[in-house]
Amino acid sequence: MTNKEIKITYSEYSSIDELPAQDRLVAEAAISATASSYAPYSGFNVGAAVMLEDGEIITGSNQENAAYPSGLCAERTAMFYAGAHRPDKAMVKIAIAGGQNGVLCSDPATPCGACRQVMAQYQARGGRPMEVILVGGERIWKFSKVDDILPLIFDSL
Ligand code: THU
């Protein structure tokens, strides 16, 4: 028997002003996208912004439904739009911001498992790392690839 360890590294920033310019753009877009969240059940507003390889930014927000599973997270709303409308462009960054009543959570809202799996697949499809930027009100966490938030990614098919 051998004990193994999985280690991840990420960067923490205390303000979006500290981010490199392209990261700041995508982070700001994610924050703005929280305004279009439709969350009458949870009251939790999430915005996501995907930057494509050509610099275009596509946003999404969580969209809830009375038949609960029919709703969709912000990240998948944005990624599925990008996949549907810009199928040939790799998604190189995704930023996510979440909060309530117009106030971002201090620590970043982190993506659900299903969204991580979808990120993993679009990262593989694009053939290059997709950076993940999680935007909180007091802290911002940046991961250089989806693998860092989804160790042991399912990619066997
Ligand atoms: N939500 C997202 O949009 N992204 C996530 O990764 C986690 C959760 C949404 C789903 C639901 O509308 C609300 O946040 C509360 O769970």
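Leucine 152 is exposed, with a relative accessible area of 75%, where exposed means over 50% relative accessible area, buried under 20% and partly exposed in between (1.4 Å probe, protein chains only). This residue lies in the segment after strand E7 (140-143); strands (E, at least two residues) and helices (H or I, at least four) are DSSP runs, numbered from the N terminus. Although leucine 152 is not a glycine, its phi is positive, at about 60°.

The structure is a predicted model, in which local features need pLDDT of at least 70 and side-chain atom pairs count only at pLDDT 80 or more, while totals for chains, interfaces and linings use all residues. Residues are numbered from 1 along each chain as its sequence is written, and side-chain values use heavy atoms, with hydrogens and water left out.

Asparagine 101 also has a positive phi, near 50°, in a residue other than glycine. It is found in the loop between E4 and strand E5 (103-104). With 76% relative accessibility, asparagine 101 counts as exposed.

What does E2 pair with? One partner is strand E4 (residues 91-100), joined to E2 in the antiparallel sense over eight bridges; two strands pair if DSSP finds at least two bridges between them. Here asparagine 45 stands opposite glycine 99 of E4. Strand E3 (residues 57-61) also pairs with E2 in the antiparallel sense, over five bridges, and isoleucine 57 in E3 is the bridge partner of methionine 51. E2 and E3 form a hairpin with four residues between them, and glycine 55 in this turn has a positive phi of about 95°.

The ligand comes next. Around it are Ser42, Phe44, Val46, Asn62, Glu64, Cys73, Ala74, Glu75, Pro111 and Cys112, a residue being near a molecule or strand if one of its heavy atoms lies within 4 Å of it. By class, this shell has six nonpolar, two polar and two charged residues; Ala, Val, Leu, Ile, Met, Phe, Trp, Tyr, Cys and Pro count as nonpolar, Asp, Glu, Lys and Arg as charged, and the others, Gly among them, as polar. An N or O atom in the side chain of asparagine 62 is 2.9 Å from an oxygen atom of the ligand. For alanine 74, a polar backbone atom is 2.9 Å from a ligand oxygen, and a backbone N or O atom of cysteine 112 lies 2.9 Å from an oxygen atom of the ligand. Taken alone, the ligand exposes 370 Å², and the protein buries 74% of that; these areas come from the Shrake-Rupley method with a 1.4 Å probe, and for residues only the protein chains shown count as cover.

How many disulfides does the structure hold? The structure holds zero, a disulfide being a pair of cysteine sulfur atoms within 2.5 Å. The sulfur of cysteine 73 has its closest cysteine sulfur in cysteine 115, at 3.8 Å, so the two are too far apart for a bond. Cysteine 73 is partly exposed, with a relative accessible area of 24%. For cysteine 115, the closest cysteine sulfur is in cysteine 112, and at 3.7 Å it is too far for a bond. Cysteine 115 is buried, with a relative accessible area of 0%.

Notes
Polar contact = N/O pair within 3.5 Å; in protein donor to acceptor, adjacent residues only side chain to side chain.
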